[in-house]
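Here is a friendly walk through one protein chain and a few of its local features. Please keep the sequence and the model open side by side as you read.

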Amino acid sequence: MVEKITQKRPLVSICIPTYNGAKTLGQTLDSILSQWNPAFELVLCDDCSTDNTLEIIRTYALKQQFIRVFQNTSNLGMDGNFRQVALHASTDFVWFSGQDDLFGEGALNKVDSVITSKPELGVIYINFSQHNHDMSQLICKSMLHIQAFHPEQLDEEKDLLFNNAGEYFSTFDAAPTFLPATIVRKEYWLDTDVTAYVGTAFIQTAVILLNMNKRPIYVITRPMIRGRIPDDRWQAEGQSYFSIMLGVMTAEALVYQDSRNPIPGHVYRKRKNLFLRNFFALVRHSKRIGMQPTEKFYKSLQIIFGRGLIYHFILCPILKMPLEYLDSVHGCYRWAREVKTL
C-alpha cells in the first residue's frame with residue numbers, strides 16, 4: 001500500500017489528556033513547542049482538573065494558534081479522557097503524551113520525516129528513557145534494550161521496519177504502548193470498540209494491539225522521549241497503584257482472548273508468569289501505601305488467570321492477607337535465603 005502526501009499539512013495530532021497536571025505540564029509543553037513543526041497540531045483535553053491546569057493550557061493556547069483546547073463537562077476518568085482527546089484530533093495520526101513526559105530534541109522532525117516517507121505506516125514506536133519524578137536520576141537509558149530479545153543487536157543509528165505484529169514480536173517482548181512513545185492512526189481509535197477495557201487505564205493497549213496487523217510498524221531506535229515516573233500521584237497511593245499495575249496485565253489478557261490478538265503465546269506467557277512472580281511483592285507494597293482489595297481486583301485476576309488453582313490457592317490468599325502477615329512471610333523468606341547461602 002503506497003500513499004502520497006502532496007503538500008505540507010498537519011499530519012500528526014499530539015494529544016495530551018490532562019488532569020491536575022499543573023506541576024509538570026509546562027515542562028512538557030515547552031519540550032514540544034521548542035521544536036515545533038507545522039506538520040503537527042497540539043490537542044489538549046482537560047478532565048475537570050481541580051488545580052490550575054486549564055489556566056496553564058489556555059495561557060499557552062493564547063500564544064499559539066495550533067494549540068486546540070477542550071474541557072470535558074464531567075470527569076471521564078483516565079480511559080475516557082484518553083479516548084476523548086483522540087477523537088478531537090483532526091489529523092491521520094495520533095501521538096499521545098502524558099502531562100509529565102518530555103520530548104527530546106529532534107523528536108518532532110524525526111517523526112515528520114518518517115511519516116512523510118512512509119505514510120502507509122500504522123504504528124510508530126519511539127525508544128525512550130525513564131527518569132525519576134524530578135528528572136534528576138536516570139532509571140533506564142533505553143527501554144528498547146530491555147524489551148529486545150537480543151539487545152546487543154540493536155543499533156540506535158538504524159531504525160526498524162516490521163510488516164506485521166509477528167515480525168515485531170520476534171524482536172521485542174512488549175507491546176508499543178507507552179503513551180508518548182507510540183503514534184497510531186486515528187482510524188484505529190474510531191474503529192475499535194474499547195468498552196471491555198474501560199477501567200483498566202490501558203485502553204490504548206487495546207487500540208494498538210487489536211489493530212497491529214493492519215499496517216507496517218516502524219521503530220525509531222534512538223531514545224527521543226524522556227518518560228517520568230512521578231512519586232506524588234498514582235504511584236503514591238495504594239489503591240491506584242495496584243489498580244494500574246493490575247490494569248496493564250488485564251488489558252493484555254483481554255487482547256489475548258480476542259480473535260484479533262497479535263501477541264504470540266510465548267510472549268504472553270512470559271509476561272503473565274512475570275506478573276505472577278511479582279504478585280506477592282506488588283500486593284505487599286500496595287498494602288503498605290493503603291490498598292484495600294476490591295471486587296474489581298478479584299474479577300481482573302479471574303480474567304488473567306481464570307478461576308483455577310492459581311487463583312484460589314495463590315492469588316486470593318495473598319490478596320486477602322493482612323500486611324503484618326505479608327511482612328512476616330517476606331521476613332521468613334529472606335531468612336531462608338540467607339541461611340541457604342551460608
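## A loop residue and its surroundings

A polar atom in the side chain of N211 sits 2.6 Å from the backbone oxygen of V207. A polar contact here is a pair of N or O atoms within 3.5 Å; within protein, one must be able to donate a hydrogen and the other to accept it, and residues adjacent in sequence count only if both atoms are side-chain atoms. Before going on, please note that this is a predicted model, in which local features need pLDDT of at least 70 and side-chain atom pairs count only at pLDDT 80 or more, while totals for chains, interfaces and linings use all residues. Residues are numbered from 1 along each chain as its sequence is written, and side-chain values use heavy atoms, with hydrogens and water left out.

N211 belongs to the loop between α8 (203-209) and β10. Helices (H or I, at least four residues) and strands (E, at least two) are DSSP runs, numbered from the N terminus. With 3% relative accessibility, N211 counts as buried; buried means under 20% relative accessible area, exposed over 50%, and partly exposed in between (1.4 Å probe, protein chains only). Setting aside neighbours within four places in sequence, N211 is in contact (heavy atoms within 4.5 Å) with Y188 and T192.

Next comes strand β10 (residues 217-228), which is mostly covered, with nine of its twelve residues buried. Two strands pair if DSSP finds at least two bridges between them.

| Partner strand | Direction relative to β10 | Bridges | A bridge pair (partner, β10) |
|---|---|---|---|
| β5 (residues 102-103) | antiparallel | two | F103, I225 |
| β6 (residues 123-131) | parallel | eight | I126, I220 |

## Charged pairs

Side chains of opposite charge can pair when their charged atoms come close. Taking a salt bridge as a side-chain nitrogen of Lys or Arg within 4 Å of a carboxyl oxygen of Asp or Glu, the model has nine salt bridges.

Which residue does R68 meet in a salt bridge? The partner is E41, with an N to O distance of 3.3 Å. This pair links distant parts of the chain, as R68 is in strand β3 (residues 67-71) and E41 in strand β2 (residues 40-46), 27 residues apart. R68 is partly exposed at 25% relative accessibility, whereas E41 is buried at 6%.

R185 and E187 also form a salt bridge, at 3.4 Å from N to O. Here R185 is buried, with 4% relative accessibility, and E187 is partly exposed, with 31%.

In a further salt bridge, the closest N and O atoms of R284 and D327 are 2.8 Å apart. Because R284 lies in helix α11 (residues 279-288) and D327 in helix α14 (residues 323-341), the pair ties together parts that are 43 residues apart in sequence. D327 is partly exposed, its relative accessible area being 25%. Shared partners join R284, R288 and D327 into one network of salt bridges.

## A nonpolar patch

Finally, L309, I310, F313 and I314 make a nonpolar surface patch of about 420 Å². Patches are made of residues with over 30% relative accessible area and no salt bridge: like charges are joined within 9 Å, and nonpolar side chains (Val, Leu, Ile, Met, Phe, Trp, Tyr) within 5 Å. Accessible areas come from the Shrake-Rupley method with a 1.4 Å probe; for residues, only the protein chains shown count as cover. I310 lies in helix α13 (residues 309-320) and is partly exposed, at 35% relative accessibility.
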